[in-house]
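Reader: Hello! Could you walk me through how to read a fold, one feature at a time?
Author: Gladly. Let us look together.

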Amino acid sequence: MGYAFIDTVGILGNILSTGREIQVECAECKGLHRFTAAEIAGLAEKVGREFNLLNRRCRCRLTPGCTGWNRFFFRSGVYRPLFTPEQSGRWSDEARAARMSLPPTTL
Ligand SMILES: [Zn+2]
C-alpha cells in the first residue's frame, strides 16, 4: 500500500462508491464511531464529493464535554490512519505546545 492510496482513499465520493468503512477515534476519551453510508452521504451533501478526509480532524462529539480531537481511520483489512505520520507529528507538536503554554491571562 503506497502513498498514492492514502491520497485518494478519504475522498468522500470514493468512500461512497467503494463502500469503504470509515471511523473516528478520540485519543482523549477513547470514544469511537463508525460512520454509516448515510452519514457519509450526508457529509458529502454538505461539503461535496471531492472533499478529502485525509489529514482532517474534528472536535470530539463522542463524549459530552470532551475537549479532544477525533481522527479518521479507514478500513483496509484493519483500520488504518487516514492521516500521514507527518500530520500526526504536527498534531502532537501542537498538543505539546498547548500544554506548555501559560494561559494568556497568567502574566
Ligand atoms: Zn473525546
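Reader: How many helices and strands does the secondary structure of the chain come to?
Author: Helices (H or I, at least four residues) and strands (E, at least two) are DSSP runs, numbered from the N terminus. Here the chain has four helices and five strands. Their order from the N terminus on is α-α-β-β-α-β-β-β-α.

Reader: Thanks! And what should I keep in mind about the model and its numbering?
Author: This is a predicted model, in which local features need pLDDT of at least 70 and side-chain atom pairs count only at pLDDT 80 or more, while totals for chains, interfaces and linings use all residues. Residues are numbered from 1 along each chain as its sequence is written.

Reader: Which strands does strand 4 pair with?
Author: Two strands pair if DSSP finds at least two bridges between them. Strand 4 (residues 69-76) runs antiparallel to strand 1 (residues 22-26), with five bridges joining them. Strand 3 (residues 57-59) is also an antiparallel partner of strand 4, over three bridges. With strand 5 (residues 78-81), strand 4 forms four bridges, again antiparallel.

Reader: Which residue in strand 4 is the bridge partner of R57?
Author: That is R71. Towards strand 5, F73 faces P81, and F74 stands opposite R80.

Reader: What phi does G77 take in the hairpin of strand 4 and strand 5?
Author: G77 has a positive phi near 80°, in a hairpin with one residue between the strands.

Reader: How many residues of helix 4 are buried?
Author: A residue is buried if 20 or more other C-beta atoms lie within 10 Å of its own, exposed if 12 or fewer, and partly exposed in between, with C-beta atoms placed from the backbone. For helix 4 the count is zero, so by this definition the helix is hardly covered. Across the 107 residues of the chain, 16% are buried.

Reader: What does the C-alpha trace of the chain span along its principal axes?
Author: About 55 × 30 × 25 Å.
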